[in-house]
Amino acid sequence: MVRAESASVAAGPTLAVVAREAGVSVPTASKVVNGREDVAPETRRRVTEALDRLGYVRRPRFDTSKAPALVDLVLHSLDSSWSGAVLHGVEAAAYEAGLEVVVSAGPNGARGARPERGRLDKLTARGSSGVLFHLAELSAAQYAWLDHHRIPYVLIDPAHEPPAGVVSVGAANWQGGVSATEHLLGLGHERIAVIAGHRRARADGARVAGYRSALAAAGVRHRAEYVRHAGGDETTARLRTHELLDLPEPPTAVFVCADRMALGVYAALAERGVRVPDEVSVVGFDDLPEARWVAPALTTVRQPLAEMAATALRLLVRMMHGERPEGTRTELSTRLVQRASTAPPPAPGPVPARPVTGERPVTGERPVTGERPTA
């Protein structure tokens, strides 16, 4: 929630009180508050707990009545093309707005990870005017900390449902699930499975709901055994695919709720000697560069990651100038991009499960003819 700049912050404990509570000197407590690194981990933990317990509020160094100069972008990781697209969108929008961006990654690069208290302290230490969180899951105390310090923030594609009043930007995940499933239904598939990420994840839940809605609209029976979760992990998606192939009536198509997991699906199908798309069609979600690199090229639902990030930055700039967005959730449309990994289902009969020894590269039977975005 963004509070008006004229709102006053209730007076809290002094730094001396915090230092006494933590059993450290005032200079040491000050180092923790200002994000200094030269503090022992155990000392930092005691001071951080005292800060949270006493409700210490550090006054911001910036004046949002003036033009902002610096914002923070906290990414879930720095080693994925997903984060690369987000960074590209933020950088382009920040350049237009005359801002500089400080980039950091969440702890362990985990999706939905919570940024530690020390990272938030550094926001005020360097005078950040606002912060963007990508796939972060903040605690109630961290939301309160940001509000108390009057630091505007926007969530990009939050892993879970944020509290009421928190501004976020995401994709039309439900519609994307509908589009993927309708594409497979239109090719004649009825035995359509779905491999989602985390059970509690907002985006995955919406994509699976769209899949179920499309099946229901087409009068196709929903099969519970066709719904699997792989936690967003490529290796787990590979295992889930083997489980699907071992069913008495395996699917002829798989909707995978992330392109990275689709790579695991491709690997499992290759291990079983099942050809894509002749025997099993595959649809992904994201449209990362990897979708074009694999063979056959992956049909996928494009979510506009760079545009989502740029939209979030523009919303943040408005909030830093005291404006309040009309709504708290902004969704950008998705689009199915048809490539070579989908085709009509094979002739009736069980999908052959031909185990092979060792692992082999994923290969396709059809030449890639380029992207064919559907209308």
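This is a predicted model: local features need pLDDT of at least 70, side-chain atom pairs count only at pLDDT 80 or more; totals for chains, interfaces and linings use all residues.

Tutor: In helix 4, the buried residues are Trp-82, Ser-83, Val-86, Gly-89, Val-90, Ala-93 and Ala-94.

Student: What puts them on the same side of helix 4?

Tutor: Around the axis they cover an arc of only 125 degrees, so they lie on the same side of helix 4.

Student: Which exposed residues does the face turned away from the buried side carry?

Tutor: That face of helix 4 carries His-88, Tyr-95 and Glu-96. Exposed here means over 50% relative accessible area, whereas buried means under 20%.

Student: What do the buried residues of helix 4 pack against?

Tutor: Their partners are strand 1 (70-75), strand 2 (100-105), strand 3 (131-134), strand 4 (153-156) and helix 12 (305-320).

Student: How do you know that the span of helix 4 agrees with its 17 residues?

Tutor: At 1.5 Å a residue, residues 81-97 should span 24 Å. The end C-alpha atoms are 24 Å apart, therefore the two agree. Just after helix 4, Gly-98 has a positive phi of about 75 degrees.

Student: In the largest nonpolar core, which residues touch the most other members?

Tutor: Of its 43 residues, these are Ile-195, Tyr-211, Phe-255, Val-256, Met-261, Leu-269 and Val-282. Elements giving two or more residues to this core include helix 7 (173-186), strand 6 (192-196) and helix 10 (259-271).

Definitions and conventions. Residues are numbered from 1 along each chain as its sequence is written. Side-chain values use heavy atoms; hydrogens and water are left out. Helices (H or I, at least four residues) and strands (E, at least two) are DSSP runs, numbered from the N terminus. The expected span of a helix is 1.5 Å times one less than its number of residues. Buried means under 20% relative accessible area, exposed over 50%, partly exposed in between (1.4 Å probe, protein chains only). The arc is that of the directions from the helix axis to the C-beta atoms. Contact means heavy atoms within 4.5 Å. A nonpolar core is a set of buried Ala, Val, Leu, Ile, Met, Phe, Trp, Tyr and Cys residues joined through side-chain atoms within 4.5 Å.
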